[in-house]
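Here is a short report on one protein model. It starts with a local detail and then moves out to the whole chain.

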Amino acid sequence: MNELSGDQEAFRAEVARFADLHIAPHAGRWDVEDRYPRELFSRLGKLGWLGVGFAEDHGGSGGGPVERCVLIEELARASAGVALGVYVHTSLAAAALADIATPELRDRFLPGLLTGAVTGAWAYAEPDAGADVTRARLAARRDGDHYVLDGTKLYITNGTFANIILVVARTAEQPGKLHGLSVLAVDGDTPGLVRTPMAKVGMRPSELAELHFDGCRVPAHRLVGDQDRGFQQCLTVLSRGRVYGGALALGLAGAALNAATIYVTAREQFGGPLTRLQAVRFTLADMAARLRAARALVYGAAAAMAAGRNADTDASIAKLVASEAATWIAERAMHLHGAAGFMLDSPAQRYYRDCKILEYGEGANELQREMIAKALVAGFRP
Ligand SMILES: Cc1cc2nc3c(=O)[nH]c(=O)nc-3n(C[C@H](O)[C@H](O)[C@H](O)COP(=O)(O)OP(=O)(O)OC[C@H]3O[C@@H](n4cnc5c(N)ncnc54)[C@H](O)[C@@H]3O)c2cc1C
């Protein structure tokens with residue numbers, strides 16, 4: 001990665017060492033147990049890594065989007081599920097509080113999120129609101145100096161245990177519109193909130209929950225951004241977040257390629273290692289080429305963000321290409337493992353299960369294509 005500075009390379013090596021030692025050896029077990037290693041939040045917090053990309057006067061560790069990409073990529077190389085939990089905690093929950101909340105609300109929660117003493121989640125998906133957020137219906141009705149929340153959120157990462165959940169709620173009846181959607185920072189132990197774990201195919205160490213809000217009273221000063229406009233104000237956070245989704249895809253794809261390379265080098269058929277077969281070598285080469293191209297896009301978008309440029313379209317392109325590259329690479333990696341890759345003790349099947357969500361999470365790839373096409377028509381030059 002010659003585009004990284006010496007300090008950034010050193011940071012990558014440090015995170016990789018930690019992930020190799022403390023995450024990778026347990027990743028298979030955490031996958032089977034469907035359990036997030038929650039103690040990791042305080043370990044990563046103590047190392048200052050949850051604060052990467054956050055301003056030092058907000059309790060962050062400095063650095064920027066490139067360093068955050070390095071962190072997420074290296075964690076994902078060891079366990080995509082672990083990286084997903086960290087990504088939601090830092091790049092959605094903490095980032096929205098840092099960028100959009102009032103100074104009082106930010107100062108109350110952000111330091112705890114960045115040390116890992118507090119864990120965060122971000123909740124917008126609902127039974128009837130997936131890629132189309134305008135369909136969100138969870139209601140926040142004003143009652144004196146509180147909002148009263150009624151409704152359901154689905155598929156919420158860290159939702160089983162997060163102490164603070166940023167909930168997208170409807171404060172004005174404007175179906176089909178983003179206007180009227182507000183964001184509230186809700187305590188995980190609010191009376192009336194029931195969290196039910198959801199079983200899933202991949203990303204299993206990240207814990208997913210259905211959240212049911214039944215008359216939950218949330219103080220009005222917990223609004224993140226303005227009433228009725230909070231979600232729109234958070235769109236910048238979501239756009240930037242896509243680049244970290246791309247970094248997660250890179251880590252996952254890198255791990256799959258590495259496992260496949262090791263396997264076909266050691267596995268002998270037809271009188272020698274599988275790497276003697278041109279079709280196998282070409283598959284590895286194509287995997288490497290797609291990964292390298294995706295990496296250039298992700299780090300290019302992160303560098304543009306770090307330079308203060310509007311990189312929304314770059315982030316969309318990076319997320320689109322990296323997530324589809326990860327799916328392709330993980331599928332080829334599993335193929336190259338033959339029957340061994342089909343066994344539950346093979347990491348290849350885990351990469352294959354983990355990658356798919358990256359294509360429709362954090363803004364479905366169809367939406368990214370729509371945004372990229374719109375930018376092109378408006379004059380964007382790739
Ligand atoms: C592991 C995991 C973690 C998640 N974590 C969170 C979280 O922390 N917080 C949260 O709020 N949500 C989370 N989600 C939910 C995620 O946000 C949704 O999956 C996403 O919003 C898409 O919604 P949907 O899955 O209901 O798909 P739908 O919107 O119903 O889409 C179904 C299909 O249609 C396609 N599609 C959608 N729009 C278009 C279009 N305009 N044109 C063409 N095709 C389209 C999609 O790509 C998909 O293939 C998570 C989901 C999973 C599986």
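## Ser42 and its surroundings

A polar atom of the Ser42 side chain lies 3.1 Å from the backbone oxygen of Glu39. A polar contact here is a pair of N or O atoms within 3.5 Å; within protein, one must be able to donate a hydrogen and the other to accept it, and residues adjacent in sequence count only if both atoms are side-chain atoms. Ser42 sits in helix H3, residues 39–46. Helices (H or I, at least four residues) and strands (E, at least two) are DSSP runs, numbered from the N terminus.

Ser42 counts as partly exposed because its relative accessibility is 28%. The classes are buried (under 20% relative accessible area), exposed (over 50%) and partly exposed in between, with a 1.4 Å probe and protein chains only. Setting aside residues up to four places away in sequence, Ser42 touches Thr115 and Gly116. Contact means heavy atoms within 4.5 Å. Met305 is 263 residues from Ser42 in sequence, and their C-alpha atoms are 28 Å apart.

## Basis of the model

This is a predicted model: local features need pLDDT of at least 70, side-chain atom pairs count only at pLDDT 80 or more, and totals for chains, interfaces and linings use all residues. Residues are numbered from 1 along each chain as its sequence is written, and side-chain values use heavy atoms, with hydrogens and water left out.

## Two positive phi angles

Most residues other than glycine have a negative phi. Tyr155 is not a glycine, yet its phi is positive, about 60°. Tyr155 belongs to strand S3, residues 146–157. At 51% relative accessibility, Tyr155 is exposed.

Asn158 also is not a glycine and has a positive phi, about 65°. Asn158 lies in the loop between S3 and strand S4 (164–170). Its relative accessible area is 0%, so Asn158 is buried.

## Thr327 in H9

Thr327 is part of helix H9, residues 312–336. With 18% relative accessibility, Thr327 counts as buried. Beyond its neighbours within four places in sequence, Thr327 is in contact with Cys355 and Glu359.

## The whole protein

The protein has 13 helices and nine strands. Of its 382 residues, 57% count as buried. Among contacts with a separation of 6 or more, 74% join residues 24 or more positions apart.

The radius of gyration is 21 Å, which agrees with the value near 21 Å for a compact globule of 382 residues. That radius is taken over C-alpha atoms; the globule rule is 2.2 Å times the number of residues to the power 0.38. The C-alpha atoms fill a box of roughly 80 × 45 × 40 Å along the principal axes.
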